[in-house]
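Student: I have a structure to look at, and I want to know what the words used for it rest on. Can we go through a few of them?

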Amino acid sequence: MRCLSRRFVIGLVAAFSGFALSVGTSHAQEKSRLDEIMGRGKLIVGVSSESPPFGFVDEKGELVGFDIDVARLIAKATFGDSNKIEFIRQSAAQRWPNAQNGTIDFGAQTTTIYADRAQRVAFTRNYIDGGIVLIVRKDAPFKTLEDLNKPNVTIANLTTPTQEERAKRLFPQAKLQTFDGIASQFNSVKLGRAQAAQLDAPVAAWYVKNNPDMRVMETRLTDVVNTGIFMKPGDFRLWQYLDLVVSEMTGGYLFAEYSAIYEKWFGEKPKNAKWYLNNN
């Protein structure tokens, strides 16, 4: 009997220890960067300062852009103050390390969601549509892609393998120009040195808004792609919180402010929102 009691006590202690360990592990798993953010009282956000209109330095030396305003809207939703935020300027190559080592809480940096990227960072749902379109002069006669596939036409591309491959595949008879920057690529078409340029759709919309003599061709070169806010993977509470805020921006109580930001930079209503919201 004594032996049985001893075994019972040992078993009970072991069970309790296991329970306690389980509870401890559970509490450890519940620790989130979101708690650190709320305790700190501000967001730390990674952005670009060289990608107009998403993030760039204006003539006053201030960091501005669509992503900057979206990040400020998240700060306002979180703290009631859009200025409760610190921006970390980072290159495209610095995005993943800075998210993974905790330099930033999250990144808002016009980042397209791809499966291979989702293996390295966590993404919220889409907050702006992307995809490649062609920009041409408004008075140009081009209506279809075939109109551009001619020896007397020049296509302006960035120095990326994807743009070069796409141009050679779609316009094998046309000449190609290659540029390091989007501004140079755009100016080549505006000044008549090239007849069309491949641009991301929101960037093209921004250029057209500021250059009425230019237009975007209706036929897209790629499917619509999604753009997400990214963060270190494995923090469910932070991801759930940011995903919820993005959901409210694009179709909930934050939509009016999000829509105003979108129109400010692109001159049109957001195309990625619920269709009936833009009818109000």
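Student: Which residues does Asp243 touch, not counting residues up to four places away in sequence?

Tutor: Asp243 touches Thr124 and Arg125. Keep in mind that this is a predicted model.

Student: What makes Asp243 count as buried?

Tutor: Look at the value. Asp243 has 8% relative accessibility. Buried means under 20%. So Asp243 counts as buried. Asp243 is found in helix α10, residues 236–251.

Student: Now the pockets. How do you know which residues line the largest pocket?

Tutor: Lining residues have an atom within 4 Å of a point of the pocket. The largest pocket has 39 of them. Ser51, Thr110, Leu158, Ile182 and Asp200 lie nearest its centre. The space in this pocket is about 1,200 Å³.

Student: Which elements supply at least two residues each to that lining?

Tutor: Among them are β2 (50–51), α7 (161–170) and α8 (182–190). The elements β12 (196–200), α9 (201–210) and β14 (225–227) do too.

Student: How does the lining of the largest pocket divide by class?

Tutor: There are 12 nonpolar, 19 polar and eight charged residues. Gly counts as polar here.

Student: And what is the volume of the second largest pocket?

Tutor: About 360 Å³. It is lined by 18 residues, and Ala201, Ala205, Val216, Glu268 and Lys271 are the closest to its centre.

Student: Which element gives the most to the lining of the second largest pocket?

Tutor: That is α9, with five residues. By class, this lining has 11 nonpolar, two polar and five charged residues.

Technical notes. Residues are numbered from 1 along each chain as its sequence is written. This is a predicted model: local features need pLDDT of at least 70, side-chain atom pairs count only at pLDDT 80 or more; totals for chains, interfaces and linings use all residues. Side-chain values use heavy atoms; hydrogens and water are left out. On a 1 Å grid over the protein atoms alone, a cavity is a set of points where a 1.4 Å probe fits but cannot get out, and a pocket is an open set with protein on both sides within 12 Å along at least five of seven lines; lining residues have an atom within 4 Å of a point. Grid points are joined across faces, edges and corners, and a volume is the space filled by probe spheres set on the points. Helices (H or I, at least four residues) and strands (E, at least two) are DSSP runs, numbered from the N terminus. Buried means under 20% relative accessible area, exposed over 50%, partly exposed in between (1.4 Å probe, protein chains only). Contact means heavy atoms within 4.5 Å.
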